Every structure is written in C-alpha cells, then in structure tokens.
Amino acid sequence: MSTRIAFLKGHGTENDFVIVPDPENAVDLPPAAVAALCDRRAGIGGDGLLHVVRSAAHPEAAAMAAEAEWFMDYRNGDGSVAEMCGNGVRVFAHYLQRAGHVAEGDITVATRAGVKRVHLAKNGDVTVGMGRAVLPGGDVTVSVGEHSWPARNVNMGNPHAVAFVDDLGQAGNLFSPPPVTPAAAYPDGVNVEFVVDRGPRHVALRVHERGSGETRSCGTGACAVAVATARRDGADPAVTGTPVTYTVDVPGGRLVITEHPDGGIEMTGPAVIVAEGDIDAEWLAAAARR
C-alpha cells in the first residue's frame with residue numbers, strides 16, 4: 001500500500017465530509033478508520049465520509065454500473081453505513097466534476113438507496129433527484145425532556161421523524177438521539193427533524209442525524225421536512241397535479257425542495273470543496289485496529 005492516501009474536504013450547506021477517492025475500491029475503510037477520519041480533534045473532521053468508488057468495483061453497486069459509473073459509498077461520522085445522504089450526493093457530484101470524471105449538466109450517481117440523477121449547473125448549484133417519499137402509517141412521538149410532539153414518519157431512502165415545534169430551541173442540545181416512540185417504527189434508528197415556520201412555504205429546521213449527532217444540514221431531512229410540511233398544509237402534488245416548492249433553512253444555509261406530481265423530489269443547493277491533501281496510511285491502519 002502507498003504510504004499516503006489522497007483525501008479532500010467538502011461541504012454542502014455546512015454538512016461536511018471527508019472525501020476519499022478510491023476508484024478501484026482498494027482502500028480498506030472499516031468503521032473504526034472512518035470514525036477516526038471524521039474525528040474533529042484527532043482526525044480530519046466531518047459529519048460523514050464519501051468513499052468514491054467505481055460502481056463496477058464495489059459489490060454493493062455492481063448491479064448499478066450500467067446506469068451509473070460512480071458509487072457513493074457513504075458512511076456516517078461514527079463509521080456506520082448509511083443508505084443515502086442528500087448533501088453528500090451534491091458534494092460527491094461536485095468532486096466528480098472537479099476531478100474531471102464528469103462534465104457540467106446531467107449525471108447519475110449510484111447509492112445504497114438506488115441511482116440518483118444529478119444536475120450540475122453553471123452557477124455552481126447542484127440539483128439532485130432524491131426519489132419519492134414514503135409515508136408509513138402509524139403514530140410517532142418525539143420527546144425532549146418533559147416535552148413531546150407528534151411526528152410525521154417519512155422515508156427518503158433513510159428514515160426520518162419530523163416534528164413541528166414553536167421554537168427550535170425546544171430541540172435541546174441534540175447531542176444524543178431524541179427518544180422516538182414506538183421504537184419499533186425505526187428498528188435501525190432514525191434522523192429526527194425539529195421544524196418551525198418562517199413564512200409561506202418557508203420553514204427552518206434543526207436535525208439529529210443518526211450516527212452523527214446534530215449536523216449543520218441534512219439533505220434527505222430537508223426533503224422529508226418539505227413533504228411533511230406540504231401534507232400538513234394540505235398540499236399533495238399527486239392530487240393537485242401541480243408541483244410544490246418549499247424553501248428550507250438549515251443552520252448551514254438554505255435548500256430548495258420541489259415535489260412533483262409524479263412523486264419525484266428534487267433538492268437544489270450549493271456544494272463546496274475546501275481542501276485536499278494526504279492521509280498517512282500508517283496512521284489510518286493503526287486507527288482501523290482500535
């Protein structure tokens with residue numbers, strides 16, 4: 001193995017990621033190594049890690065290789081595997097363009113939640129086709145301290161519980177996962193969004209991402225919030241035949257979410273690469289053994 005491994009650091013509305021380009025899937029990244037890389041004091045620091053692999057070289061993505069050359073092997077900050085990360089897809093696509101693997105315009109990216117269609121605009125914004133929301137039935141409740149709220153169960157390829165509150169401060173510190181009941185609704189854990197209204201079709205959120213804690217932004221969470229808010233407001237594009245768009249403010253910036261009559265959801269926002277360098281392979285190997 002080379003003594004150094006390339007990396008980049010990027011973010012989408014301040015949801016930040018360590019990016020490890022590895023086209024042939026040759027870099028071993030067990031959970032402990034990912035957690036060490038994402039550590040903000042002892043590592044590079046990030047909410048998660050984007051492992052950039054050719055779909056044909058990864059067993060989880062080989063079946064998608066005909067549709068998408070590149071696979072986003074996404075990991076949470078604690079090293080656990082996640083199905084999807086909306087901000088991560090935007091940063092991933094921006095990296096592919098920067099590296100010369102793709103050009104401006106429409107591309108596809110393989111994820112564990114399926115193939116995502118992405119548009120790289122001239123102004124630097126990236127639009128991601130996030131798929132359709134699934135709205136499982138059943139009552140869900142989110143609690144913080146002595147307060148509790150009914151929540152909307154929304155699945156965007158990963159699970160979300162969306163709670164509408166009077167003030168975002170009611171979410172508490174979000175260091176630990178807010179209790180959600182019934183636990184059986186989310187056997188693999190859940191991302192929890194707390195939402196307030198800012199104006200017509202304009203909301204703001206705070207989010208606890210499973211495996212990462214509170215993050216500055218969550219793309220799938222913003223989509224889940226837009227859908228939950230639309231249903232609360234009585235808007236359903238599948239019924240009206242008219243797209244509905246919400247502006248969603250996150251602590252790290254602003255995202256624009258549009259739900260179309262066919263159920264497809266698009267998310268538009270910025271993506272930034274801020275640094276690149278090398279990881280010491282010996283340090284990474286030692287971290288992987290911890």
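**Backbone exceptions, cores and burial in a predicted model**

Glu14 is partly exposed, its relative accessible area being 35%; by the cut-offs applied, a residue is buried under 20% relative accessible area, exposed over 50%, and partly exposed in between (1.4 Å probe, protein chains only). The structure is a predicted model, in which local features need pLDDT of at least 70 and side-chain atom pairs count only at pLDDT 80 or more, while totals for chains, interfaces and linings use all residues. Residues are numbered from 1 along each chain as its sequence is written, and side-chain values use heavy atoms, with hydrogens and water left out.

Glu14 lies in the loop between S1 and S2, and its phi is near 70°, a positive value in a residue other than glycine. Thr13 belongs to the loop between strand S1 (4-12) and S2, and has a positive phi of about 45° although it is not a glycine. Thr13 is buried, with a relative accessible area of 3%. Another backbone feature is the cis peptide bond between Thr181 and Pro182, with omega about 0°. Pro182 sits in the loop between strand S11 (180-181) and strand S12 (191-199). Most residues other than glycine have a negative phi, and most peptide bonds are trans.

The secondary structure of the protein consists of five helices and 18 strands, taken as DSSP runs (H or I, at least four residues, for helices; E, at least two, for strands) and numbered from the N terminus. The radius of gyration is 18 Å, close to the 19 Å given by the globule rule for 290 residues, so the protein is as compact as a globular protein of that length. This radius is taken over C-alpha atoms, and the rule is 2.2 Å times the number of residues to the power 0.38. The C-alpha trace spans about 55 × 40 × 30 Å along its principal axes. Of the 290 residues, 51% count as buried. Contact means heavy atoms within 4.5 Å; among contacts between residues at least 6 apart in sequence, 62% join residues at least 24 apart. The protein exposes about 12200 Å², of which carbon and sulfur atoms supply 50%, with areas calculated by the Shrake-Rupley method with a 1.4 Å probe.

Nonpolar cores were defined as sets of buried Ala, Val, Leu, Ile, Met, Phe, Trp, Tyr and Cys residues joined through side-chain atoms within 4.5 Å. The largest such core has 52 residues, and those with the most contacts inside it are Met72, Leu96 and Ile257. Helix H3 (residues 219-232) gives the most to this core, contributing eight residues. Apart from neighbours within four places in sequence, Leu96 is in contact with Val52, Trp70, His101, Val102, Ile107 and Val109. A second, separate core of 18 residues includes Leu168, Ala171, Phe194 and Val196. In soluble globular proteins, nonpolar side chains tend to be buried together.

In helix H1, the buried residues are Ala33, Val34, Ala36, Leu37 and Cys38. Their cover includes S2, strand S3 (48-54), S4, strand S18 (272-280) and helix H5 (281-288). Pro23 is placed in the loop between strand S2 (15-21) and helix H1 (31-38), and is partly exposed, with a relative accessible area of 28%. Not counting residues up to four places away in sequence, Pro23 touches Val52, Val53, Arg54, Ala57 and Trp70. Pro23 and Arg216 are 193 residues apart along the chain, and their C-alpha atoms are separated by 29 Å.

Two asparagines are also buried. Asn76, in strand S4 (residues 70-76), counts as buried at 5% relative accessibility. With neighbours within four places in sequence left aside, Asn76 is in contact with Val34, Asp47, Gly48, Val81, Ala82, Arg210, Gly211 and Ser212. Asn87, in helix H2 (residues 86-98), counts as buried at 0% relative accessibility. Beyond residues up to four places away in sequence, Asn87 touches residues that include Gly12, Thr13, Asn15, Phe17 and Leu255. Asn87 and Leu255 are 168 residues apart in sequence and 9.7 Å apart in space, C-alpha to C-alpha.
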